[in-house]
Amino acid sequence: MIAFYYFTTILPIALSGIFIWKYGKKASLYFSIIFLLISIINVGYFAQALSNSLESALFANGIAYLDGCYLEFFYLLYLASFCKVELNRYIKALLFSISTVIFAISITASKHHLLYRSVTLTKIHGVSVLEKEYGPFHTVYYALIGVYLILNLGLLIYGSRKKEISRKNFRLLVVMYFLTFFSFLIGKKLIPGLDFLPLTQALSLIFFLIIANHLSYYNLNDMVVNTLENEGLIGIVLFDEKKNYLGCNKTALTCFPELKEQYVDYPLNPNSNVCTQMNDWMNQTEKKQGNESFIWEKGDITYKITVGYMYQKRRTIGYQLRIEDDTREQAYVKLLNDYNTNLQKEVAAKTEHIQNILNRFVIGMAEMVQNRDNNTGGHIMRTSRVVELLADEILKDNKLNLSDEFFEALIKAAPMHDLGKIAVDDAILRKPGKFTDEEYAIMKSHSEKGAQIVHSLLADVENPYFVNIAVNVAHYHHERYDGTGYPVGLSGEEIPIEARIMAVADVYDALVSKRCYKEAFSFEKASQIIQEGMGTQFDPILNSYFCSAREKIEAYYSSNA
């Protein structure tokens with residue numbers, strides 16, 4: 001008989017040792033308390049079985065009351081957490097208080113008659129057994145056990161319907177709970193002097209070991225971190241909310257051996273580059289209030305440092321630095337970036353080559369037009385230069401708020417302004433004298449046709465911004481500020497600014513160039529006509545810029561005379 005109690009005492013202690021050895025610091029709090037309580041409870045049963053005095057037997061028996069008072073309480077708490085149920089804190093406090101009162105009464109049973117009205121100590125097969133007549137508080141004890149039974153059954157029924165709960169662990173809990181409860185009911189009734197409850201309590205720890213093992217597979221976060229740590233792939237450094245160093249794992253020490261010299265609970269060493277950088281990472285994370293990632297190169301190794309907060313429930317309690325060897329990924333990123341850069345350069349070169357071909361083609365078409373027109377030899381190149389000189393002056397104060405991109409597009413578009421003349425019949429284009437009204441109407445159509453040609457040529461190969469400016473230059477450079485121009489009759493600022501600038505350059509070149517129907521005007525006369533036309537033919541805001549550029553324009557024409 002006594003060997004039974006030796007066995008039931010040693011078994012839970014051994015199983016508790018296995019539990020601590022296997023799960024250590026990562027052990028569930030509830031599991032740890034349950035293993036401890038069962039070991040103590042079974043020591044109580046063992047001590048009672050060996051007792052030679054009534055007082056010592058009652059004290060040992062009181063220890064066994066840890067079962068119904070506290071073991072059932074922590075069973076309930078674990079079952080609630082397993083079933084993902086939050087128990088009301090007032091209910092927990094009430095149950096714990098009642099359990100504590102009953103346990104205090106049970107452990108002092110030799111001093112009063114609250115738990116037992118009378119009790120005697122006898123020996124059965126060498127085992128000390130208490131013969132009891134129960135008192136009023138024993139009824140309260142049974143009532144408490146009944147409450148725990150109802151609550152546990154309710155949780156088991158509720159948990160059976162939840163899909164996110166492990167079916168294996170749930171079945172183990174059900175079998176374990178009812179086996180223990182059945183042993184509590186039969187007690188010593190099967191074999192006098194032999195209580196089966198210590199045995200079932202000890203065996204229940206085997207169930208808990210199996211459940212703990214299963215749970216380790218379902219905790220994905222721990223599984224991933226453990227795997228990475230065991231493979232040396234992830235380092236962890238911890239700090240409190242004041243950025244005091246708390247510790248790190250072996251992988252972190254391998255990455256940053258400077259941490260070996262760091263005292264726990266103290267700020268990082270300000271004389272260490274690594275420690276200074278870690279402080280900076282935490283400061284940046286604090287400012288942005290979220291996880292931040294940083295790259296740290298050390299020799300041939302590139303580390304990815306992810307800095308985040310540590311939490312206790314919803315309260316921030318410190319910082320966590322996660323260190324990963326990112327050398328291969330960063331090398332791949334660099335290779336990809338280099339490839340993209342080279343590809344972009346090749347694309348840019350090809351695009352520039354295509355644009356140069358297109359520009360030469362357009363200029364070639366414009367030159368072909370001027371070669372057909374006896375009156376406009378060299379006109380497109382000269383007007384383009386005048387546009388460029390006017391642009392330089394406008395940019396100096398830039399009161400018109402025009403961008404560099406605008407002027408680049410305007411200068412590039414200027415040679416295309418008369419491209420529509422390619423659609424005008426040679427008989428009209430090369431006519432040496434004055435046009436008839438019908439011929440002049442055909443001649444004026446070149447601006448509208450030019451806009452159509454420019455759009456057709458450029459729409460699919462140039463950016464829309466440049467295409468729009470080039471079309472406007474071709475379409476509206478014969479519009480007048482007073483609204484008497486062609487082809488639409490726009491006036492004032494209705495005329496696009498690019499066309500207004502082009503108009504000044506176009507007319508100035510026509511004035512200072514010799515035509516079949518007139519001699520070239522002097523620079524003085526041409527400038528006078530341009531300035532007199534400000535407000536009627538030309539935008540008056542361009543007058544100051546024309547005057548500023550006049551000297552350079554005249555020098556250009558003189559050098560090309």
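**Close-up 1. Helices H4 and H5 packing against each other in this predicted model.** H4 covers residues 66–82 and H5 covers residues 89–107; their axes sit 8 Å apart, at an angle of about 160°. That angle is over 145°, so H4 counts as roughly antiparallel to H5. As for handedness, the H4–H5 crossing is left-handed.

**Close-up 2. Who touches whom between H4 and H5.** On the H4 side you'll find Leu-66, Cys-69, Tyr-70, Phe-73, Leu-76 and Leu-77. Their partners in H5 are Lys-92, Leu-95, Phe-96, Ser-99, Thr-100, Ile-102 and Phe-103. Sorted by type, the residues of this contact come out as 10 nonpolar, two polar and one charged.

**Close-up 3. Phe-19 and Phe-35, one of the 30 aromatic pairs in the structure.** The ring centres are 4.4 Å apart and the planes make 15°, so this pair is stacked. Phe-19 belongs to helix H1 (residues 2–23) and Phe-35 to helix H2 (residues 29–50), so the pair ties together parts 16 residues apart in sequence. Both Phe-19 and Phe-35 are buried.

**Close-up 4. The tilted pair of Phe-31 and Tyr-78.** Here the rings are 4.7 Å centre to centre, with 50° between the planes. Phe-31 sits in helix H2 and Tyr-78 in helix H4, so to speak a link between distant parts of the chain, 47 residues apart. Phe-31 has 1% relative accessibility, so it counts as buried. Tyr-78, at 5%, counts as buried too.

**Close-up 5. A cluster of aromatic rings.** Ring pairs join Phe-19, Phe-31, Phe-35, Tyr-75, Tyr-78, Phe-82 and Phe-208.

Methods: Residues numbered from 1 in each chain as written. Predicted model: local features only at pLDDT ≥ 70, side-chain atom pairs only at ≥ 80, totals over all residues. Heavy atoms only, no water. Axes fitted to C-alpha atoms, helices over the stretch in contact; angles between N-to-C directions. Helix = DSSP H or I, 4+ residues; strand = E, 2+ residues; numbered from the N terminus. Parallel < 35°, antiparallel > 145°, perpendicular 65-115°, else oblique. Left-handed = near helix turned anticlockwise from the far one by under 90°. Contact = heavy atoms within 4.5 Å. Nonpolar A, V, L, I, M, F, W, Y, C, P; charged D, E, K, R; others polar. Phe/Tyr/Trp six-rings, centres within 6.5 Å; stacked < 30°, edge-to-face > 60°. Buried < 20%, exposed > 50% of the residue type's maximum accessible area, 1.4 Å probe, protein only.
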